Amino acid sequence: MTAVVTVSRRIAASAERLFDAWLDPKSLAVWMRRDGSAPSGAVADRRVGGAFAITMHDPNGSFVHAGNYTVIDRPHTLEFTWRSAATHQTDSVVRVTFRPDGDATVVEVRHELLPDAEAVQRHTAGWTEIIDRFARTLAENGDA
Amino acid sequence: MGEYQLDTVLSAVADPTRRAILDRLRVSDARVTELAREFPISLNSTSKHIKVLERARLVERHVRGRDHVLSLRAEALGEAVAWMTQYREFWEQRLAALEAFVLADADGDVDADAGTTSGALR
């Protein structure tokens, strides 16, 4: 079934620069890691269909996140499959978009765990809505 | 929360009628027959939706005499929210790290390797 997680951040750098930092394994090793942990191990075959693997280290051990690139459209969109222990080693899809905004760029990560893109599209609104509402309810009631 | 349990929760709330039923049960418990009356769908159809919600453990059924009373079980959704929150936090932290990374190398060397081994530091 379908769950969508969307996160965005406005960063004072060009879209090209951010895009490259996301695709270059040397850059990935530096920033794609748990806070305060050693640099990750990163390998990437930077072409559509190519595979990547990022080994992140955290206090509980090392975890491999792997996938294949499905869209490489510099400097607009990067899309890849993503599997890890957290996805039970099944493929999810991560789409990263880079939208220039003045002298900065809004980077948006959209992580879909899904049967197919259409189902996600159809269900996103309702899912987001109910999650927001329940998060509010839980916060108000102070219970979880 | 197991992966299949999460799947059933997400499937259950993907339907607008079932979300409406959950919203209704947030206000108070209700009998199956009451729900069928309040929603523009048949008793049979209401029962089917309720079965899906029960399977996802979002709704509990208590039999009181001849009445089947339904109540909301918000914990199951809370677990789904917690699971999604983990992923949201994961990506928020990664984007913060990406920002720190590109801003630390303000010259904009595309190649991170060259950025650390040449230029200002030498």
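This is a predicted model: local features need pLDDT of at least 70, side-chain atom pairs count only at pLDDT 80 or more; totals for chains, interfaces and linings use all residues.
Among contacts in chain B between residues at least 6 apart in sequence, what percentage join residues at least 24 apart? For chain B it comes to 51%, where contact means heavy atoms within 4.5 Å.

Residues are numbered from 1 along each chain as its sequence is written, chains are lettered from A and ligands numbered from 1 in the order in which they are written, and side-chain values use heavy atoms, leaving out hydrogens and water.

Now, the layout. Chain B has six helices and three strands, taken as DSSP runs numbered from the N terminus (helices H or I, at least four residues; strands E, at least two). From the N terminus, the order is α-α-β-α-α-β-β-α-α.

On to the sheet. The three strands form an open sheet in the order β1-β3-β2 of chain B, with antiparallel pairing; two strands pair if DSSP finds at least two bridges between them. β1 (30-31) and β2 (59-64) of chain B are at the edges with a single partner strand each, so one side of each has no neighbour in the sheet. β2(B) and β3 (residues 67-72) of chain B are joined by six bridges, and B:Arg64 sits opposite B:Asp67 in β3(B). Helix α2 (residues 16-27) of chain B packs on this sheet, touching β1, β2 and β3 of chain B.

Finally, burial: of the 122 residues in chain B, 40% are buried, meaning under 20% relative accessible area with a 1.4 Å probe, protein chains only. Thanks, everyone!

Notes. Buried means under 20% relative accessible area, exposed over 50%, partly exposed in between (1.4 Å probe, protein chains only). Axes are lines fitted to C-alpha atoms, for helices over the stretch in contact, and angles run from 0 to 180 degrees between N-to-C directions.
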